[in-house]
Amino acid sequence: MIPAWNVQSEKAAWASPWGTTIESVGWCGKSGLVLVHKVSGRAKYVPMPCNSWLCPDCSKKRAEEIVKQFGDKTTWMDRVWFARVRGEWLTTDRKRLNKRRQLKGHEYVLVRRYPVFMTSGYPLFNKANGYRRGVWIFASGDLSGKLPPTTGRFVTRRFAIDLLAAEALLLPGVAKTSFSVGWKEKRDPPTGMSWPLGLHGRDASRDAIEALYRFDPHLVLSPEEARDYLADYLVVHRSDNR
Ligand SMILES: [Zn+2]
């Protein structure tokens, strides 16, 4: 199925919207995407961040992006509502929080940390960091209720940013982060589009589009244009070296 190809040879022949910026932007070296041209059968390897919270390079970049995004979304606010939920965080908790958010018209960023401190992929309990376990919520308004999160408090925006950066996102140890819908970045690839691409369909295609943006933040292609560009290729797979 996969035709003969020679990864990363003749780079100039594969000039693309990525231009020559691919290698110049810090790549952790752990992950990539293989694109095979549908007609010529030649392939191209696109370095991609592995985006793992256990990757020293990618997790730091992700944490920085989250702090910046939170700062951008709260520029107009003096105070931010903050809550900690210790112990388990279940799907029902997440659904409850979202329902509350909708009813009250607030937005939030949530950071869920591993129940045990993680280092190099191995679970390792660290007493000093134990208090940072659980879920951290920073919101535009009070999201407390009878069930978790039951209590919270208002802090200054500046304090919230520091808390988010230095405590909630302390690395390693972050399991997951999420912004509520109103605080999400608008530039995410569109959902629900059908892609005339590859074996892995939409996920790999979205990865490819994300790669376009990540490696050239100044890229002027719209998601639709990027999709058209990528339609010439077959997205073979995402290779992970973790
Ligand atoms: Zn990485």
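Two ground rules. Residues are numbered from 1 along each chain as its sequence is written. The model is predicted, so local features need pLDDT of at least 70, side-chain atom pairs count only at pLDDT 80 or more, and totals for chains, interfaces and linings use all residues.

Overall make-up. The chain comes to 5 helices and 10 strands. Helices here are DSSP runs of H or I with at least four residues, strands are E runs of at least two, and both are numbered from the N terminus. Of the 242 residues, 28% count as buried. Buried means that 20 or more other C-beta atoms lie within 10 Å of the residue's own; exposed means 12 or fewer, partly exposed is in between, and the C-beta atoms are placed from the backbone. Now contacts: two residues touch if their C-beta atoms, placed from the backbone, lie within 7 Å. Among contacts in the chain with a separation of 6 or more, 74% come from residues 24 or more positions apart.

On to the sheet. In general, strands of a sheet pair through backbone hydrogen bonds, either parallel or antiparallel. For a pair to count, DSSP must find at least two bridges between the two strands. Here 5 strands form an open sheet, in the order 8-3-7-4-9, with antiparallel pairing. Which strands stand at the edges? Strand 8 (153-156) and strand 9 do, each with a single partner strand, so one side of each has no neighbour in the sheet. Neighbouring strands are turned by 25° against each other on average, direction ignored. Axes are lines fitted to C-alpha atoms, for helices over the stretch in contact, and angles run from 0 to 180 degrees between N-to-C directions.

Let me go across in sheet order. Strand 3, residues 79-85, pairs with strand 8 over 4 bridges, antiparallel. Val-80 has Val-155 as its bridge partner in strand 8. Strand 3 is also joined to strand 7, by 5 bridges, again antiparallel. There, Val-85 is partnered by Val-135.

Next, strand 7. Strand 7, residues 135-139, runs antiparallel to strand 4, with 5 bridges joining the two. Leu-110 stands opposite Ile-137, and Val-109 has Phe-138 as its bridge partner.

Strand 4, residues 108-113, is mostly covered, with 5 of its 6 residues buried. Strand 4 also pairs with strand 9 (residues 174-179), antiparallel, over 5 bridges. Val-111 stands opposite Thr-177 there.

How many other C-beta atoms lie within 10 Å of Tyr-108? The count is 26, so Tyr-108 is buried. Leaving out residues up to four places away in sequence, Tyr-108 touches Arg-101, Ile-137, Phe-138, Ala-139, Leu-143 and Ser-180. Tyr-108 and Val-181 are 73 residues apart in sequence, yet 8.7 Å apart in space, C-alpha to C-alpha.

Now the helices. Helix 1 (residues 56-73) and helix 3 (residues 157-168) pack at about 165°, with axes 10 Å apart. They are therefore roughly antiparallel. The cut-offs: under 35 degrees is roughly parallel, over 145 roughly antiparallel, 65 to 115 roughly perpendicular, and the rest oblique. The contact is made by Val-67, Phe-70 and Gly-71 of helix 1 and Ile-161, Leu-164 and Ala-165 of helix 3. Those residues divide into 5 nonpolar, 1 polar and no charged. Nonpolar covers Ala, Val, Leu, Ile, Met, Phe, Trp, Tyr, Cys and Pro; charged covers Asp, Glu, Lys and Arg; the others, Gly among them, are polar.

Back in helix 1, take Cys-58. Cys-58 counts as buried, with 20 C-beta neighbours inside 10 Å. Beyond four places in sequence, Cys-58 is in contact with Cys-28, Pro-49, Cys-50, Asn-51 and Ser-52. Lys-30 is 28 residues from Cys-58 in sequence and 9.8 Å away in space, C-alpha to C-alpha.

Last item, a backbone detail. Pro-148 and Pro-149 are joined by a cis peptide bond, with omega about -5°. Pro-149 lies in the loop between strand 7 and strand 8.
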